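Thanks for coming. I have one structure to go through today, so please look at the screen.

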Amino acid sequence: MVAILMEHNGHTLQSAVDYVGDLCTQTIAGFERDCDQLPSWGPEIDGMVQKYVECLKSWIVGSLHWSFQTHRYFGTNGDEVKKTGLIPLFPPEA
């Protein structure tokens, strides 16, 4: 996503990373807001909906943990990235 924003929208590396970070923050806030505004369908259905929502939350958290544990996104630096929040970025190859 960062590379696409840089290539097609004229972002610098930092502005693209900031944009994606803001988008993630807004998306999570929207999810939490929507969860808080769910209507009631009665105790039985509400219980099932709540279980489903909790599973969605677990899926999101699990995906995040997976991204640090595998080499797909951070190579062998997943633990360090998780600890520091810093991701080494390199310029695109010519």
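I will start with the model itself, then the overall fold, the surface and the aromatic residues.

This is a predicted model, in which local features need pLDDT of at least 70, side-chain atom pairs count only at pLDDT 80 or more, and totals for chains, interfaces and linings use all residues. Residues are numbered from 1 along each chain as its sequence is written, and side-chain values use heavy atoms, with hydrogens and water left out.

The protein chain has 4 helices and 0 strands; here helices are DSSP runs of H or I with at least four residues, and strands are runs of E with at least two. Its radius of gyration, taken over C-alpha atoms, is 18 Å, whereas a compact globule of 94 residues would be near 12 Å. That globule rule is 2.2 Å times the number of residues to the power 0.38. The C-alpha trace spans about 60 × 30 × 20 Å along its principal axes.

Of the 94 residues, 14% are buried. Buried means under 20% relative accessible area, exposed means over 50%, and partly exposed lies in between, with a 1.4 Å probe and protein chains only.

Now the aromatics. Which residues form the aromatic cluster? They are Trp-66, Phe-68, Tyr-73 and Phe-74. Rings of Phe, Tyr and Trp (its six-membered ring) pair if their centres lie within 6.5 Å; planes under 30 degrees apart are stacked, over 60 edge-to-face, and the rest tilted. The count is 3 aromatic pairs. One of them, Trp-66 with Tyr-73, is edge-to-face, at 6.0 Å centre to centre and 80 degrees between the planes. Trp-66 is partly exposed at 38% relative accessible area, and Tyr-73 is partly exposed at 48%.
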